[in-house]
Amino acid sequence: MTRTTTDTVGIVGGGIAGLAAAHRLQRAGHDVRIFEASSSIGGLAATYETAGNPIEKFYHHLSKSEHTIVELASQLGLGTAVEWRVGKNAYYVDGEVHPLDKPWEILAYPHMSLYDKVRLALLTKEIDLRRGVPKFDTYDDIEAFEEMPVKEFIVEHTTRGIYENFFEPLLDAKFGDRKDEVSAAWLLGRVKFRGERDLLRGEILGYFDGGFARLIDALIEAVGRENITTGARATDIELSGGQARRLVTERNGEKERHDVDHVIVAAMPNVLEELTGYSCDIEFQGTVCSVLSLEESLMDTYWLNIADEAPFGVLIEYERLRWLPSGPRSSRRGRRRREPAALRESFRARR
Ligand SMILES: Cc1cc2nc3c(=O)[nH]c(=O)nc-3n(C[C@H](O)[C@H](O)[C@H](O)COP(=O)(O)OP(=O)(O)OC[C@H]3O[C@@H](n4cnc5c(N)ncnc54)[C@H](O)[C@@H]3O)c2cc1C
């Protein structure tokens, strides 16, 4: 690759976005320096030690629609490390676990009419059946739905039954009393993100053999550990003539100034606001993920949506997707599978 200018780019944030930006900029011939506030690299997808296996701080999988990250993995020599697996889904309603992967499981689901199931299936295939005539391009432009509340969209584009019996409990669990503020564009984004299904087995999800740590480690190696400073919180960008000249960080209580030609903020929009004053006007809602290390498997499902008074909306048995290449796989063989009744008891015990 030919180098044109050698600008130094300061990058705020050592999550996947910061690391990937650094990697691309280096390939384009620039010098990069990443400043990460925390002591570990990888952001939300960083791996940490637990009482069981080391896992990502927040569950992570890939969807078949995520071509960019798969291409990045290939560039880093990890093309064969991305494994596509069935991520089993189920819905917990009225004390019962209802698997929703295979066509006959979906047909057997008792909380929706057959008509509603067909309309929901059409929506997931992005087919608009309003007025009885199938249209295939209605949902291509997600931005066109940004101003439409998700409830209005679902009721108008499918049925009230689908909203009340399928989506509303999920929206309650995810957004609580702010669910009416959620845009239809969010839902359509999810449909596009999690759309790929194997007709006979269920949703296909990607996971790195050995976890997302493989991707983070490969990015760190590509970028060069010497170009990444951890424990360094960016606090200011000094400008001259409208251009970034210095990135100010705080490390161990000491301020440090770094000469830069450009700055990329690869952190939450509020960090961009604090550093530049540029108003992002994006509201946040926090997410809490509790991790429990269990000695035995709790359920036969990767992703269990919960329509219940339980204080959480999703129960994820991460090992159902992870299938690490060694160690846990053998111990899993001896694991007892808990039947739905046992799961129900676990819920009762928690209340
Ligand atoms: C619960 C949960 C589950 C998710 N699951 C998936 C999934 O399955 N698949 C998927 O594709 N995506 C998933 N995501 C989204 C995905 O995690 C993020 O899109 C991606 O990891 C974000 O990477 P990032 O680099 O943009 O940000 P982050 O990972 O948030 O990294 C930003 C970094 O910036 C650092 N930082 C912040 N402020 C400063 C500062 N002032 N100075 C220096 N550093 C700073 C932070 O410490 C952090 O390390 C999930 C997100 C959550 C919350």
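R131 is exposed, with a relative accessible area of 73%, where exposed stands for over 50% relative accessible area, buried for under 20%, and partly exposed for values in between, computed with a 1.4 Å probe on protein chains only. The model is a predicted one, in which local features need pLDDT of at least 70 and side-chain atom pairs count only at pLDDT 80 or more, whereas totals for chains, interfaces and linings use all residues. Residues are numbered from 1 along each chain as its sequence is written, and side-chain values use heavy atoms, with hydrogens and water left out.

R131 is found in the loop between α4 and α5, and the phi of R131 is near 60°, a positive value in a residue other than glycine. E126 lies in the loop between α4 and α5 and also has a positive phi near 60°, but E126 is buried, with a relative accessible area of 19%. Within helix α4, which covers residues 114-124, the buried residues are D116, K117, R119, L120, L122 and L123. These buried residues pack against α3 (103-108), α5 (150-157), α6 (160-175) and α7 (184-193), with contact taken as heavy atoms within 4.5 Å.

## The chain as a whole

The protein chain has 12 helices and 17 strands; helices (H or I, at least four residues) and strands (E, at least two) are DSSP runs numbered from the N terminus. Of its 351 residues, 42% count as buried. Among contacts between residues at least 6 apart in sequence, 59% join residues at least 24 apart. The accessible surface of the chain comes to about 19,400 Å², of which 50% belongs to carbon and sulfur atoms; areas come from the Shrake-Rupley method with a 1.4 Å probe, and for residues only the protein chains shown count as cover.

## Nonpolar cores

A nonpolar core is a set of buried Ala, Val, Leu, Ile, Met, Phe, Trp, Tyr and Cys residues joined through side-chain atoms within 4.5 Å. The largest core holds 34 residues, of which I11, L19, I34, L78, F208, L215 and I228 touch the most other members. At least two residues of this core come from each of β1 (8-12), α1 (16-27), β2 (31-36), α2 (67-75), β10 (202-208) and α8 (213-223), and the largest share, six residues, is supplied by α8. Apart from this core lies another, of 25 residues, including Y91, Y139, F153 and V182.

## The ligand shell

Of the 24 residues around the ligand, A17, E36, L44, H60 and H61 come nearest, a residue being near if one of its heavy atoms lies within 4 Å. The shell divides into 15 nonpolar, six polar and three charged residues; Ala, Val, Leu, Ile, Met, Phe, Trp, Tyr, Cys and Pro count as nonpolar, Asp, Glu, Lys and Arg as charged, and the others, Gly among them, as polar. Each of α1, β2 and β12 (233-240) supplies at least two residues of the shell.

| Protein atom | Ligand atom | Distance |
|---|---|---|
| L44, backbone N or O | oxygen | 2.8 Å |
| Y59, polar backbone atom | nitrogen | 3.1 Å |
| H60, polar side-chain atom | oxygen | 2.6 Å |

Taken alone, the ligand exposes 1,000 Å², and the protein buries 76% of that.

Notes. Polar contact = N/O pair within 3.5 Å; in protein donor to acceptor, adjacent residues only side chain to side chain.
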